[in-house]
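Subject: Structure handover

Hello,

Here is the structure I said I would pass on. My notes on the fold and on the ligand site follow.

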Amino acid sequence: MPPRAAAPLIRLAERADLSFVHATERLPGYERLTAAWTTAEHEAALARDDTRYLVGGRDAGVLEGFAILQPLEDPHEGAKLKRICVARAGEGFGGPFLEAVIRWVFTTTSNDRLWLDVFTHNERARHVYRRAGLREDGLLREAYRMPDGTRADRCIMSVLRREWADR
Ligand SMILES: CC(C)(COP(=O)(O)OP(=O)(O)OC[C@H]1O[C@@H](n2cnc3c(N)ncnc32)[C@H](O)[C@@H]1OP(=O)(O)O)[C@@H](O)C(=O)NCCC(=O)NCCS
């Protein structure tokens with residue numbers, strides 16, 4: 001098992017980071033795990049007031065992962081983690097990066113909840129989310145049409161501010 005990474009450095013993404021985002025979400029095998037946007041879609045999303053992109057790595061200047069928060073704030077549902085991807089899955093970066101993203105949300109915004117949805121077949125991501133304190137809220141049965149036409153279940157997961165604060 002790879003050693004757990006030190007706390008990653010994270011920052012808000014800039015337009016120049018979108019090539020990393022675009023390439024990372026298209027890594028082989030990711031097409032069954034996450035959606036991918038065109039560069040134009042990313043540029044439009046980055047410009048939105050209700051969206052934030054975070055990028056991070058263990059060393060300054062070397063990007064290893066990104067996360068998209070959209071919407072950034074909602075008085076009812078909270079922040080949605082729309083997407084999270086790392087450049088080298090399973091090497092111990094994504095867990096600490098997710099924890100840094102959650103910390104950023106609860107220390108930078110007034111959200112009381114962070115949530116996401118994940119394909120039930122994405123066991124690695126579900127494990128990482130559970131380990132970061134997210135709980136399963138419910139199941140959206142066959143609520144996504146995969147590129148090959150099959151349908152996939154999605155699981156809603158969330159963590160509340162008070163749960164994060166108590167960890
Ligand atoms: C999800 C993602 C961000 C997690 O980051 P990561 O760097 O791979 O995660 P880590 O290496 O920190 O941890 C992986 C954990 O999953 C576990 N794992 C690996 N494969 C697994 C599987 N098939 N089932 C269950 N757990 C698994 C590992 O053992 C490890 O857990 P541990 O540290 O408790 O032993 C990353 O895998 C990724 O970018 N995946 C592709 C895109 C994606 O799925 N995004 C999420 C869409 S909702």
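**Overall fold**

The chain contains five helices and seven strands. Please keep in mind that this is a predicted model. In sequence order the elements follow the pattern β-α-α-β-β-β-α-β-α-β-β-α.

The chain has 167 residues, for which a compact globule would have a radius of gyration near 15 Å; the value for this chain is 15 Å, so the two agree. Along the principal axes, the C-alpha atoms occupy a box of roughly 40 × 40 × 35 Å. Of the 167 residues, 32% count as buried. If you take the contacts between residues at least 6 apart in sequence, 61% of them join residues at least 24 apart.

The seven strands make an open sheet with mixed pairing, in the order 1-2-3-4-5-7-6. Strand 1 and strand 6 (135–145) are the edges; each has a single partner strand, so one side of each has no neighbour in the sheet. On average, neighbouring strands are turned by 25° against each other, direction ignored. As background, strands in a sheet pair through backbone hydrogen bonds, in either a parallel or an antiparallel sense.

From the strand 1 end, the pairings I noted are these:

- Strand 1 (residues 9–12) runs antiparallel to strand 2, with four bridges joining them. Leu9 has Gly57 of strand 2 as its bridge partner.
- Strand 2 and strand 3 (residues 65–69) are also antiparallel, and five bridges join them. Here Leu54 is opposite Ala67 of strand 3.
- Strand 4 and strand 5 (residues 113–119) pair in the parallel sense over two bridges. Ala79 is opposite Leu114 of strand 5.
- Strand 5 is joined to strand 7 (residues 151–160) by seven bridges, antiparallel.
- Strand 6 and strand 7 are antiparallel and joined by seven bridges. Glu136 is opposite Met157 of strand 7.

Strands 6 and 7 also form a hairpin, with five residues between them. Gly149, in the turn, has a positive phi of about 95°.

**Strand 2**

Why is strand 2 largely enclosed by the rest of the structure? Six of the six residues in this strand (residues 52–57) are buried, so the rest of the structure largely encloses it.

**The ligand site**

There are 22 residues around the ligand, and Leu33, Ala89, Gly94, Gly95 and Glu123 come nearest. Which elements supply at least two residues each to the shell? They are strand 4 (79–86), helix 3 (94–108) and helix 4 (123–131). Helix 4 gives the most, with six residues. By class, the shell consists of eleven nonpolar, seven polar and four charged residues.

Regards

Terms used:
Residues numbered from 1 in each chain as written. Predicted model: local features only at pLDDT ≥ 70, side-chain atom pairs only at ≥ 80, totals over all residues. Buried ≥ 20, exposed ≤ 12 C-beta atoms within 10 Å, placed from the backbone. Pairing = 2+ DSSP bridges. Near = placed C-beta within 6 Å. Nonpolar A, V, L, I, M, F, W, Y, C, P; charged D, E, K, R; others polar. Axes fitted to C-alpha atoms, helices over the stretch in contact; angles between N-to-C directions. Rg over C-alpha atoms; globule rule 2.2 N^0.38 Å. Contact = placed C-beta atoms within 7 Å.
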